[in-house]
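Let's take a walk through a protein chain together. Have a look at the sequence and the 3D view before reading on.

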Amino acid sequence: MHPRRNGPSDEDGFTLIEILAVIAILGLLMTLAIVNFSKHRQAGEVAATRARILTLANEIQKYSTSAAHGGPPFDKLAKINVHANNTVNEGVETLFCSIENKDNPEGWIIDEKWLSNTDGDVTSTSYHRIAGFKNDLFEITDTWGNPLAYFHYTSYGSSQTVQMAEAAEGEDPEQSVKAYQSKKTGTYANPDSYQIISAGPDRIFGTDDDVTNFDRE
Ligand SMILES: [Ca+2]
Ligand SMILES: [Ca+2]
Ligand SMILES: [Ca+2]
């Protein structure tokens with residue numbers, strides 16, 4: 001038989017401080033789990049955007065090497081005789097119209113889920129090769145649903161306006177974007193071809209998390 005104890009001891013239950021400590025530790029563990037989960041999700045989104053850009057690069061390669069073109073798509077709609085009533089998103093709209101153009105029958109039909117029309121513009125012809133599609137001047141987007149920026153090398157000196165589907169907090173939905181220039185050497189990446197830039201998870205162009213078709217240095 002165990003002797004009966006006299007009076008309460010530490011083993012009789014948890015003190016308030018112990019309970020608070022357990023709650024604090026559980027809270028910390030949950031926070032760590034959430035942070036870890038969102039880091040994983042973000043890495044997955046970045047990888048998916050990278051894969052999207054790689055697919056586009058393959059299509060641009062096919063376009064560039066065809067006898068009819070002999071170079072990457074332009075980034076000005078007038079160059080491919082497409083009428084537009086604004087210049088917002090013009091680089092990536094020109095890329096879309098070039099790849100989806102009926103004159104490029106081997107071209108790949110872009111997944112509808114990759115497209116947006118944040119500036120709501122239309123032209124006289126439908127450039128989407130799926131029948132029945134409207135005449136939207138679509139943009140090709142990143143995994144966060146924002147239009148990519150696309151620059152033909154002849155436009156590296158000038159800026160483009162990209163209208164985001166969802167602006168970062170405190171930011172204007174319209175962003176002015178320029179082709180990437182090395183901070184070390186001042187030279188443009190891909191000086192004789194093109195640049196594709198996603199604003200990345202922070203939805204702001206020109207920051208370190210941007211996803212591109214070239215190495216930034
Ligand atoms: Ca436009
Ligand atoms: Ca548009
Ligand atoms: Ca960014």
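Below is a short tour, from the whole chain down to single residues.

## The big picture

First things first: what you see is a predicted model. The protein chain comes to 2 helices and 7 strands. Read from the N terminus on, the order is α-α-β-β-β-β-β-β-β, with a radius of gyration of 26 Å, well over the 17 Å that the globule rule gives for 217 residues, so the chain is more spread out than a compact globule.

How big a box do the C-alpha atoms fill? Taken along the principal axes, the box is roughly 100 × 50 × 30 Å. Of the 217 residues in the chain, 31% count as buried. As for contacts between residues at least 6 apart in sequence, 56% of them join residues at least 24 apart.

## Helix 2, well wrapped up

Is helix 2 mostly covered or mostly open? It is mostly covered, with 11 of its 11 residues buried. Among those buried residues of helix 2 are Glu90, Glu93 and Glu100, along with Val92, Leu95, Phe96 and Ile99.

So what does the covering? Helix 1, strand 2 (139-140), strand 3 and strand 4 (160-163) are included in what lies over the buried residues of helix 2.

## The nonpolar core

The largest nonpolar core has 32 residues, and Phe96, Ala149 and Tyr150 are the ones with the most contacts inside it. Helix 1, helix 2, strand 3 (149-152) and strand 6 each supply at least two residues of this core. Helix 2 gives the most, with 5 residues.

Leaving out residues up to four places away in sequence, Ala149 touches Gly91, Val92, Gln160, Val162, Val177, Ile197 and Phe205.

Which way does strand 3 pair with strand 6, parallel or antiparallel? The two strands pair in the antiparallel sense, over 4 bridges. You can pick out one of the partners by eye: Phe151 has Gln195 in strand 6 as its bridge partner.

Now for some loop residues. Asn81 lies between helix 1 (16-65) and helix 2 (90-100), in the loop there. Its phi is near 60 degrees, a positive value in a residue other than glycine. Is Asn81 buried or exposed? With 8 other C-beta atoms within 10 Å, Asn81 is exposed, because a residue counts as exposed at 12 or fewer.

Arg203 also has a phi near 60 degrees, again a positive value in a residue other than glycine. You'll find Arg203 in the loop between strand 6 (194-198) and strand 7 (211-212). This residue has 22 other C-beta atoms within 10 Å, so Arg203 is buried, the cut-off being 20 or more.

Last up is Asp111, in the loop between helix 2 and strand 1 (115-116). Asp111 has 10 other C-beta atoms within 10 Å, so it is exposed. How far is Asp111 from Pro201 in sequence and in space? They are 90 residues apart in sequence, and their C-alpha atoms are 21 Å apart in space.

How values were computed. Residues are numbered from 1 along each chain as its sequence is written. Chains are lettered from A and ligands numbered from 1 in the order in which they are written. This is a predicted model: local features need pLDDT of at least 70, side-chain atom pairs count only at pLDDT 80 or more; totals for chains, interfaces and linings use all residues. A nonpolar core is a set of buried Ala, Val, Leu, Ile, Met, Phe, Trp, Tyr and Cys residues joined through C-beta atoms within 7 Å. Two residues are in contact if their C-beta atoms, placed from the backbone, lie within 7 Å. The radius of gyration is taken over C-alpha atoms; the globule rule is 2.2 Å times the number of residues to the power 0.38. Two strands pair if DSSP finds at least two bridges between them.
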